[in-house]
Amino acid sequence: AEVMARHPEAKVHLYGKEVRPGRKLGHVTVTGATLQDARRAADAAVALLRGDAALMEETGADDPDTVDR
């Protein structure tokens with residue numbers, strides 16, 4: 001719910017599967033005016049789902065994979 005509140009252009013689709021290493025549990029669909037806008041929103045939504053959003057905000061990173069942990 002928090003993802004949709006913070007990123008209304010993002011739609012989260014969870015499959016309801018049990019967590020297992022390497023298993024895909026869902027996906028995020030995002031629309032945007034440009035590809036860059038859509039990718040930025042998708043990265044932010046995924047980071048929020050993973051619990052990386054606070055870290056991204058602290059560092060100002062656009063890409064969760066570039067954040068030093």
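Analyst: Happy to! Let's start with arginine 6, which is partly exposed, at a relative accessible area of 39%; buried means under 20%, exposed over 50%, and partly exposed in between, using a 1.4 Å probe and protein chains only. Keep in mind that this is a predicted model, where local features need pLDDT of at least 70, side-chain atom pairs count only at pLDDT 80 or more, and totals for chains, interfaces and linings use all residues. Residues are numbered from 1 along each chain as its sequence is written, and side-chain values use heavy atoms, leaving out hydrogens and water.

The side chain of arginine 6 forms a salt bridge with that of glutamate 2, at 3.2 Å from N to O. The term stands for a side-chain nitrogen of Lys or Arg within 4 Å of a carboxyl oxygen of Asp or Glu. Glutamate 2 is partly exposed too, with a relative accessible area of 48%. Because they are four residues apart in helix H1, arginine 6 and glutamate 2 are separated by about one helical turn. Helices here are DSSP runs of H or I with at least four residues, strands are runs of E with at least two, and both are numbered from the N terminus. Across the whole structure, a search finds one salt bridge.

Next comes histidine 7, in the loop between helix H1 (2–6) and strand S1 (10–14). Histidine 7 is buried, with a relative accessible area of 15%. Setting aside neighbours within four places in sequence, histidine 7 is in contact (heavy atoms within 4.5 Å) with Ala44 and Ala45.
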